[in-house]
Amino acid sequence: MRRSGPIRDMIFGLGVFVLLALLYVLVDDAFVHDIIIKTCIFSIFALSLNLLIGYLGLVAFGHAAFFAAGAYVFGLFMQSEYVGPDSAWAIPFGVLLAMVGSAVLAAAIGAICIRAKAIYFSFLTLAFQMILYSAILAAVPITGGDQGLMGGFPKPVFLGIDLAEASHMYMFCAALAIIAALIMRQVVESPFGYVLRMLRDNPDRAAFLGLKVKLYQWITFVLAGTLASLAGVLQSLLDIGAFPEWAFWAKSAEPLFMILLGGMQTFLGPVLGAFIFEVLNAVVTAHTRYYGLVLGAVILFFALGLRRGLGDYIWQLVSDRREASGRADA
Amino acid sequence: MLRLENVAKAFGGVIATDDVSLAFAPGSLSAIIGPNGAGKTTIFNLISGKLRPDSGRILFDGENIAGLDETEIVRRGIGRAFQVASIFPSLTVEESLMAAVQSHRRQTLRMAERFRHSNARQRAGEIIDMTGLGAVARDLSANLSHGDQKLLDIALALALEPRLLLLDEPTAGMGPEERWQMIERVRALWQAEHMTLVFIEHDMDIVFEIAQSIRVLCYGAVLAEGTAEEIRANPDVIEAYLGAPAEDAEVAP
Ligand SMILES: Nc1ncnc2c1ncn2[C@@H]1O[C@H](COP(=O)(O)OP(=O)(O)OP(=O)(O)O)[C@@H](O)[C@H]1O
Ligand SMILES: [Mg+2]
């Protein structure tokens with residue numbers, strides 16, 4: 001019997017988690033662990049942006065605003081007087097608080113941005129991100145300005161999870177990335193998710209089917225922003241702080257590159273892109289200062305050579321082969 | 001069922017709709033004809049909410065719908081298909097119709113279900129059978145033939161179970177034989193679904209054969225209305241539009 005979609009996806013997610021755990025145990029190399037953790041964090045970030053770009057067809061240039069919002073809300077909360085070394089509730093609550101706060105921010109920014117069409121939408125998201133960036137720099141007493149949130153914060157143990165332990169942090173990031181991916185997978189495979197594809201293809205026609213285009217765009221924008229903030233929270237946990245570069249426009253370019261590298265038509269494309277990006281980053285910066293040059297060359301290769309991201313390319317190969325064998329059977 | 005009262009619309013200096021008053025009876029099958037640029041599509045755009053009239057009223061079931069947005073008008077039971085087939089290229093025929101059915105049933109905000117397991121599939125299958133798209137149900141809409149794309153556009157509108165269906169040149173861009181197939185299909189759908197149907201058409205033979213009543217538009221205004229016999233005999237129409245004995249007249253699309 002064929003298993004239903006959600007169960008198959010969950011089994012797949014569980015399998016990935018087991019593999020990542022095995023990798024941690026078998027390959028005892030902090031360099032490798034670091035790449036995996038960052039890939040997990042950026043997978044959430046890139047997948048959430050791809051809800052907008054790949055599924056909804058809206059290119060947001062300011063997605064890092066929500067990454068930064070999540071990181072700062074979480075970091076500020078963890079540094080606050082309410083949190084002590086034994087506050088077992090603090091981290092789960094902080095994660096929730098950061099996501100709710102970012103959702104509110106995304107709701108407000110999204111409500112304005114989706115009024116604009118196409119490239120103006122993109123510019124507006126970028127403008128809001130730059131406003132947030134300036135605000136973070138200006139609010140020195142709260143945010144530490146260009147220094148960022150310094151001084152660290154405690155990581156109280158909760159549910160037996162001690163994020164000060166490298167192995168716990170690794171598993172925590174892997175687990176959250178997989179859960180976030182499963183949630184997004186469910187969304188894009190739901191009736192709601194198919195509306196997103198329709199709005200990407202032909203929003204005018206969708207309106208004549210009774211669909212309130214702006215409503216669906218807004219909900220998706222809020223969802224994407226909220227999930228991006230989770231990536232920011234994990235980054236904040238990793239670096240024990242939050243830094244204004246995370247709100248700078250260049251930070252929004254990173255998930256864009258990942259989507260370009262990995263592909264936007266295949267659900268897991270951005271994950272592959274995040275992995276390639278982090279490997280390149282780690283390997284290339286270890287050997288040369290010309291990181292941007294190498295990254296640019298690789299992106300050119302995908303854009304001009306394959307004409308799509310690697311994930312889309314592989315998926316195309318697989319489905320072509322399936323079709324060919326289907327024809328041979330018939 | 002539908003009544004336009006002194007509706008006007010101008011684009012800058014171009015008067016696309018000039019004081020138009022029209023009425024369509026429930027269950028009727030009517031055609032709108034007129035030369036290129038006469039303002040036929042504009043009338044559909046005004047009725048369906050894509051455009052807002054400068055003045056006048058559009059009454060549907062006695063309520064003024066002029067200026068409401070398109071989603072609201074669709075929900076009240078007015079569906080439409082477009083002169084250039086308007087579809088979703090990256091979805092298959094079946095997926096497109098399932099999504100349209102879900103929209104009609106207001107299930108499209110659901111995030112916890114799987115689209116593939118939706119009970120909309122059954123209804124989508126009925127619409128596919130009704131419109132004869134069975135052979136291409138699993139094909140991407142982008143890969144359909146021109147005729148099938150036009151059919152899919154109509155099928156999308158049917159998924160909303162409209163009481164009034166507006167078809168903008170359902171036979172546009174088709175060869176003579178395909179035209180008749182298409183229009184017979186449209187007539188069969190009209191009979192089966194008990195709806196009010198208004199279509200725009202350039203082929204006079206088709207219009208005279210199919211339509212119960214005909215409206216002739218010229219320069220944005222209603223030049224004539226009546227049955228095929230009346231339109232054929234109308235001297236204004238002959239002079240301004242047909243320009244030749246009606247039997248052989250066909251205006252280039
Ligand atoms: N959105 C618009 N903006 C500006 N002008 C428009 C617009 N829509 C229509 N027009 C103009 O209004 C007039 C009527 O156009 P319309 O598309 O209604 O004609 P039509 O009768 O459908 O013609 P056809 O047979 O070519 O489809 C034309 O002169 C057209 O250029
Ligand atoms: Mg037209």
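This report walks through helix packing, domains, the chain interface and salt bridges in a predicted model.

## Before we start

In this predicted model, local features need pLDDT of at least 70 and side-chain atom pairs count only at pLDDT 80 or more, while totals for chains, interfaces and linings use all residues. Residues are numbered from 1 along each chain as its sequence is written, chains are lettered from A and ligands numbered from 1 in the order in which they are written, and side-chain values use heavy atoms, with hydrogens and water left out.

## Two helices in chain A

Two packed helices are described by the angle between their axes and the distance between the axes. In chain A, helix α4 (residues 90–113) packs against helix α5 (residues 118–138) at an angle of about 145°, and their axes are 9 Å apart. Here, helices are DSSP runs (H or I, at least four residues) and strands are E runs of at least two, numbered from the N terminus. Axes are lines fitted to C-alpha atoms, for helices over the stretch in contact, and angles run from 0 to 180 degrees between N-to-C directions.

Which residues make the contact? From α4(A) come A:I109, A:I112 and A:C113, and from α5(A) come A:F121, A:L124, A:T125 and A:F128. Contact means heavy atoms within 4.5 Å.

## Two domains in chain B

Seven residues of domain 1 of chain B touch nine residues of domain 2 of chain B.

These two domains of chain B bury about 750 Å² between them, with 60% from carbon and sulfur atoms. Buried area is the accessible area (1.4 Å probe) that two parts lose on being put together, summed over both. On the domain 1 side, B:R75, B:L189 and B:E193 supply 59% of the area buried against domain 2, more than any other three residues.

## Where the chains meet

Chain A brings 29 residues to the contact and chain B brings 35. About 2800 Å² is buried between chain A and chain B, 62% of it from carbon and sulfur atoms.

How many salt bridges cross this interface of chain A and chain B? The rule (a side-chain nitrogen of Lys or Arg within 4 Å of a carboxyl oxygen of Asp or Glu) finds two. A:R205 and B:D153 also meet in a salt bridge, at 2.9 Å from N to O.
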